[in-house]
Amino acid sequence: MGGDDGDDGNGDGSGDGGTEDPADGETESETVDGTILGEITVDNLDGDAHTVDIIVEFDREIEDWATEELEAGGGTTLDRNWPTESGQFRVTTRLDQGEPVEVTPADWNDPSCLNLFVRIDRNGELTLLSDTTGGPCGAGDPSVDDTDA
């Protein structure tokens with residue numbers, strides 16, 4: 001039996017070091033290949049203008065840092081300035097210089113591909129949604145899921 005090395009050193013708190021099957025002693029890991037980050041779309045549904053910062057990190061390296069100033073009812077899709085292959089990533093968002101909100105693919109059960117929607121709702125609150133089927137993630141009807149922000 002192995003020691004209590006539950007963390008594989010990725011430091012993201014996901015505990016994603018795999019599980020050991022006592023029957024055969026092999027290690028299984030569901031996220032070996034990582035997730036592809038597709039598009040990031042930012043929408044402002046509020047009646048006021050807002051500023052949103054979006055930082056994309058792959059393997060602890062900042063790949064893109066965008067600051068979007070959105071008019072009321074405005075929106076944009078970010079240029080895809082991050083790796084197009086799968087990997088371990090984190091997206092940090094911040095609304096109007098407020099508290100940062102971090103998300104990783106684990107927030108959506110580690111899909112193979114993930115598009116993000118950064119939405120400012122009609123109450124001026126930040127909401128993060130995902131789509132695993134549209135845009136670079138494939139064709140078909142998008143299935144949008146919420147996460148707590």
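A residue is buried when its relative accessible area is under 20%, exposed when over 50%, and partly exposed in between (1.4 Å probe, protein chains only). The model toured here is predicted, so local features need pLDDT of at least 70 and side-chain atom pairs count only at pLDDT 80 or more, while totals for chains, interfaces and linings use all residues. Residues are numbered from 1 along each chain as its sequence is written, and side-chain values use heavy atoms, with hydrogens and water left out.

Strand 9 pairs with strand 3 in the parallel sense over seven bridges (pairing requires at least two DSSP bridges); Thr41 has Phe117 of strand 9 as its bridge partner. With strand 10, strand 9 pairs in the antiparallel sense over six bridges, and Leu116 is bridged to Ser130. Five residues separate the strands of this hairpin, where Gly124 takes a positive phi near 75°.

Next, select Val91. Leaving aside neighbours within four places in sequence, Val91 is in contact (heavy atoms within 4.5 Å) with residues including Leu37, Ile40, Ile54 and Leu116.

Phe58 lies in strand 4 and Phe89 in strand 7, 31 residues apart. Phe58 is buried at 5% relative accessibility, and Phe89 is buried at 6%.

Methods:
Helices (H or I, at least four residues) and strands (E, at least two) are DSSP runs, numbered from the N terminus.
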